[in-house]
Amino acid sequence: MFGIISTVLYILISFVCFLVAFTNRVHMFQLNAYKYVFMRDWIKTNFKTLFLKSLLPVLSLLMLFLPWDILKLVAIIPNLIFLVLNLPKKAKKPLVYTTRVKRQYVTATVLFLILW
């Protein structure tokens, strides 16, 4: 029972982390006028920060492969740190939920659910 609860809790928190990170990237893509070249330059400029932040969910995922159930609860901690580091800040131009953004959310959510 403990294993099921901790797994469900882990998946829910992972999904929230995914949504926060995805919202950040979609917002930046929108601010870059949906142009790949501008987005690529933004990623190059912020690569170190993006890479270091993305290591937290990877560490969390690796902890799930260890055989102890308690580590599923401990694996939530890197995800929570990731959430705190990626909370949206006040933007000059807020994210506009256009039909394009909505389609991206639906597609990304379906892919997340398929991968889990």
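Q: What span should the 17 residues of helix 6 have, and how far apart are its end C-alpha atoms?

A: A word on the source before we start: this is a predicted model. The idea is to multiply 1.5 Å by one less than the number of residues. At 1.5 Å a residue, helix 6 should span 24 Å, and its end C-alpha atoms are 24 Å apart, so the two agree.

Q: Which residues of helix 6 are buried?

A: Burial is read from relative accessible area, with under 20% counting as buried. In helix 6 that applies to V101, Y105, A108 and F112. Viewed down the axis of helix 6, the buried residues fall within an arc of 75 degrees, so they line one face of the helix.

Q: And which residues are exposed on the other side of helix 6?

A: There you will find T99, R103, V106, L113 and I114 exposed.

Q: How many helices and strands does the chain have?

A: Its secondary structure comes to six helices and zero strands. Read from the N terminus, the order of elements is α-α-α-α-α-α. The C-alpha trace spans about 45 × 30 × 25 Å along its principal axes.

Q: What do the contacts in the chain say about sequence separation?

A: Here you take contacts between residues at least 6 apart in sequence and see what share joins residues at least 24 apart; for this chain it is 72%. As for burial, 28% of the 116 residues count as buried. The accessible surface is about 8300 Å², and 76% of it belongs to carbon and sulfur atoms.

Q: How many aromatic pairs are there?

A: Two rings pair if their centres lie within 6.5 Å, and planes under 30 degrees apart count as stacked. The count here comes to eight aromatic pairs. One of them is F18 with F112, a stacked pair at 5.1 Å centre to centre, with 25 degrees between the planes. This pair links distant parts of the chain, as F18 is in helix 1 (residues 2–31) and F112 is in helix 6 (residues 99–115), 94 residues apart.

Q: Is F18 buried or partly exposed, and what about F112?

A: F18 has 23% relative accessibility, so it counts as partly exposed. F112 is buried, with a relative accessible area of 11%.

Q: Which residues form the aromatic cluster?

A: F15, F18, F22, Y97, Y105 and F112 form one aromatic cluster. Take F22 as an example: this residue is found in helix 1. F22 is buried, because its relative accessible area is 18%. Setting aside neighbours within four places in sequence, F22 is in contact with Q104, Y105 and A108.

Q: Where does the charged end of R100 sit?

A: For a charge over a ring, look at the distance from the charged end to the ring centre. The charged end of R100 sits over the ring of Y34, 4.1 Å from its centre.

Q: How do I read a loop residue such as N32?

A: Locate it, then check accessibility and contacts. N32 lies in the loop between helix 1 and helix 2 (36–45). At 15% relative accessibility, N32 counts as buried. Apart from neighbours within four places in sequence, N32 is in contact with F38, M39 and W42.

Notes:
Residues numbered from 1 in each chain as written. Predicted model: local features only at pLDDT ≥ 70, side-chain atom pairs only at ≥ 80, totals over all residues. Heavy atoms only, no water. Phe/Tyr/Trp six-rings, centres within 6.5 Å; stacked < 30°, edge-to-face > 60°. Helix = DSSP H or I, 4+ residues; strand = E, 2+ residues; numbered from the N terminus. Buried < 20%, exposed > 50% of the residue type's maximum accessible area, 1.4 Å probe, protein only. Lys NZ or Arg CZ within 6 Å of the ring centre and 35° of its normal. Arc of directions from axis to C-beta. Contact = heavy atoms within 4.5 Å. Areas by Shrake-Rupley, 256 points an atom, 1.4 Å probe, with all protein chains shown as cover.
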